[in-house]
Amino acid sequence: MLQLRDKVTLYSVIIMVVLLGTVYILIAVLRIPQMPVDRAKQVLHPAWGAFGTGKVSAIAHRGGGHDAPENTIAAIREASQNGATGVELDLEFSADGVPILMHDDTVDRTTNGSGPLTKSSFSDLRKLDAAAKHRLRSKFSGEKVPTLEEAVEECIRLQLTVYFDVKGHPEEAAATLKALYKKNPVLYNSSIVCSFDPDVIYRMRQSDPEVVTALTYSPWSLSHFGDGAPRFSSPWKHYWMTLLDVALDWAQHHVLWRLCGISAILIQKNFVSQEYVQYWAHRGVEVVAWTVNTKVEKEYYQDVLQINYMTDSLVEDCEQHY
């Protein structure tokens, strides 16, 4: 006869097996097929603007926010002049639904205005100086908050690869980007849609399976800040969020990438290693590191790991960005 403890253990194992089986069945039914590797490589490793023997792409993070005001036309042009392979641009929406470039959900950090985007019409945003808080504000004074379409037109003209970083609004973003790709078919082989939010990527692949996509990820980000400091002073809340971090990490590496059919994972640079790159390579997924801001680090990613990286500056070492 089984003891009570053995029965509980047996039942627990059975429940775990059933749950895992259900998860994998759902993935098999709902997953979107991964883009062919050759197609993804056209985007991730274009024939122009690559560095080193591994054809590594240097991507200007937010357009290269150290060299010019982030998420502006000036930043895109500066990145091109400084030799970037491509630019990462943040997609947001004004209160009246106009797709714009903006990282934050308020305008306070980067402009001379204040307040949330949800209360800022595009006409109001257009009056702001997007260079007001930048270290080179005198050089770029009067730079405007651009529309998504304006930025894309400039990137196409300059032959820059575009990493669209979608901050939220899954339905609106997917519809906006689908229309943008249909209007500019060149984007299918010169851009990638990225987001921390799996819902954004899943909806994007659902609406247009031909778009190359990536999940963005920063391990332990629910319980810790980028510099490693705990987010919460309450031990209970800290441990609870740490547990959620563990669950999210498992989901990222076993469920979400397969469900969405991604071609790349964008991960905070401190968690990248040769073993990690190989882990994803075996799954047909490329690793892109962010944010790589020193010459020594860039040489390591170009010559040793031979993977793409994002940087805030193409011309000099600059402050670490998390």
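Trp-240 is placed in helix H8 (residues 235-260), where helices (H or I, at least four residues) and strands (E, at least two) are DSSP runs numbered from the N terminus. The model is predicted, so that local features need pLDDT of at least 70 and side-chain atom pairs count only at pLDDT 80 or more, while totals for chains, interfaces and linings use all residues. Residues are numbered from 1 along each chain as its sequence is written, and side-chain values use heavy atoms, with hydrogens and water left out.

With a relative accessible area of 43%, Trp-240 is partly exposed; buried means under 20% relative accessible area, exposed over 50%, and partly exposed in between (1.4 Å probe, protein chains only). Together with Trp-236, Leu-243 and Leu-244, Trp-240 makes a nonpolar surface patch of about 470 Å². Patches are made of residues with over 30% relative accessible area and no salt bridge, nonpolar side chains (Val, Leu, Ile, Met, Phe, Trp, Tyr) being joined within 5 Å and like charges within 9 Å.

Helix H8 also belongs, with E7 and E8, to a right-handed β-α-β unit, right-handed meaning that, with the strands pointing away from the viewer, the path from the first strand over the helix to the second runs clockwise. Strand E7 (residues 213-217) pairs with E8 in the parallel sense over four bridges, pairing requiring at least two DSSP bridges between two strands, and Ala-214 stands opposite Ala-264 in E8. E8 is also joined by five bridges to strand E9 (residues 286-290), again running parallel, with Ile-265 opposite Val-287 in E9. Five of the five residues of strand E8 (residues 264-268) are buried, so this strand is largely enclosed by the rest of the structure.

Across the whole structure, a search finds 18 salt bridges, each a side-chain nitrogen of Lys or Arg within 4 Å of a carboxyl oxygen of Asp or Glu. Three of them are listed here.

| Pair | Distance, N to O |
|---|---|
| Arg-39 and Glu-210 | 3.3 Å |
| Lys-139 and Glu-78 | 3.5 Å |
| Glu-149 and Lys-183 | 2.2 Å |

Arg-39 counts as buried at 17% relative accessibility, whereas Glu-210 counts as partly exposed at 42%. Finally, Arg-62, Glu-70, Asp-104 and Arg-109 are linked in a network of salt bridges.

Conventions: Accessible areas come from the Shrake-Rupley method with a 1.4 Å probe; for residues, only the protein chains shown count as cover.
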